[in-house]
Amino acid sequence: MASNERTVIAFDLYGTLLSTDSIAHELGRQFGREKAAAIAATWRKHQLEYTWRLNKDYLPFSSVTQRSLRHALSENAVPPPPEAAVASLMSAYDSLSTFPDVAPALELLSKVSSVTPVVFSNGTDQMVGNSVHRSPDLSPYSDVFRDIVTVEEVKKFKPHPVVYYHLAMKVGKSKEQMGDMWLVSGNPFDVVGAKAVGMKACWVDRGHQGWSDGLVDGEMGAPDFIGENLGQIVQAILKSSKTEG
């Protein structure tokens with residue numbers, strides 16, 4: 001099978017492969033365990049909100065992450081930290097833990113040559129590269145991914161359509177081949193963004209809550225497959241790819 005005919009599996013990074021809640025350990029070390037979980041959750045909330053507000057005036061994801069950290073600390077009544085503490089937290093962000101179901105799914109993919117797995121992220125090239133190649137949990141599986149695609153070149157964030165077309169270009173697909181690509185994400189806005197441009201999309205429902213996003217009606221507003229873990233999703237995509245091939 002020619003490389004441009006292979007099914008592409010594009011894995012979102014933050015909140016899909018890597019748990020943003022895992023930064024709580026470093027937050028607890030610096031600011032106390034009693035506030036760590038709340039800061040981590042608030043940090044992620046503002047990080048996402050900032051990207052949605054920045055599709056006109058782009059800032060690198062590293063700047064977004066640092067500014068949203070300061071916002072989260074202020075909101076949780078933590079005095080402004082020294083620059084060394086912020087730098088330490090940003091460094092720790094490059095070593096977030098994977099979710100427990102990630103390793104078995106990537107192990108399965110490492111034995112398959114008929115699909116093209118890539119990482120597809122809002123992060124900067126440096127942030128994502130550090131995470132994939134240096135994270136203690138994720139780096140053992142870095143060779144599974146054929147490429148790392150970020151939004152840095154197009155200076156837009158998910159779910160802007162241009163970032164998904166940028167993904168297609170990077171993996172050798174045309175706009176007419178968007179349906180040859182699967183997005184795998186734990187973020188509903190990412191799923192809806194991918195569906196809007198013709199991609200197939202899977203949602204990782206680790207919380208067993210079921211799909212409830214109601215902004216877009218019909219099939220375009222819902223994932224093609226929902227799995228409670230990454231292994232279920234990978235198996236479903238491989239099955240679908242084999243059937244279509």
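This is a predicted model: local features need pLDDT of at least 70, side-chain atom pairs count only at pLDDT 80 or more; totals for chains, interfaces and linings use all residues.
View 1. Residues are numbered from 1 along each chain as its sequence is written, and side-chain values use heavy atoms, with hydrogens and water left out. Helices (H or I, at least four residues) and strands (E, at least two) are DSSP runs, numbered from the N terminus. Strand S5 (residues 200-204) runs parallel to S4 and is joined to it by 4 bridges; two strands pair if DSSP finds at least two bridges between them. On S1 (residues 7-11), which is also parallel to S4 and joined to it by 4 bridges, Phe11 has Val184 as its bridge partner.

View 2. Because 5 of the 5 residues of S4 (residues 181-185) are buried, the strand is largely enclosed by the rest of the structure. Buried means under 20% relative accessible area, exposed over 50%, and partly exposed in between (1.4 Å probe, protein chains only). Met181, Leu183 and Ser185 point one way from the strand, and Trp182 and Val184 the other way. A right-handed β-α-β unit is made by S4, helix H8 (residues 188-196) and S5; right-handed means that, with the strands pointing away from the viewer, the path from the first strand over the helix to the second runs clockwise.

**View 3. Aromatic pairs.** Rings of Phe, Tyr and Trp (its six-membered ring) pair if their centres lie within 6.5 Å, and planes under 30 degrees apart count as stacked, over 60 as edge-to-face and the rest as tilted. The count by this rule is 9 aromatic pairs. Phe11 and Phe145 form an edge-to-face pair, because their ring centres are 6.1 Å apart and their planes lie at 75°. This pair links Phe11 in S1 with Phe145 in the loop between helix H6 (125-134) and strand S3 (147-150), 134 residues apart. Both Phe11 and Phe145 are buried. Phe120 and Tyr164 are likewise edge-to-face, at 5.6 Å centre to centre and 65° between the planes.

**View 4. Charges over rings.** A charge sits over a ring if NZ of Lys or CZ of Arg is within 6 Å of the ring centre and within 35 degrees of the ring normal. The charged end of Lys158 is placed over the ring of Phe120, 4.3 Å from its centre. Arg206 lies over the face of Phe99, 3.7 Å from the ring centre.
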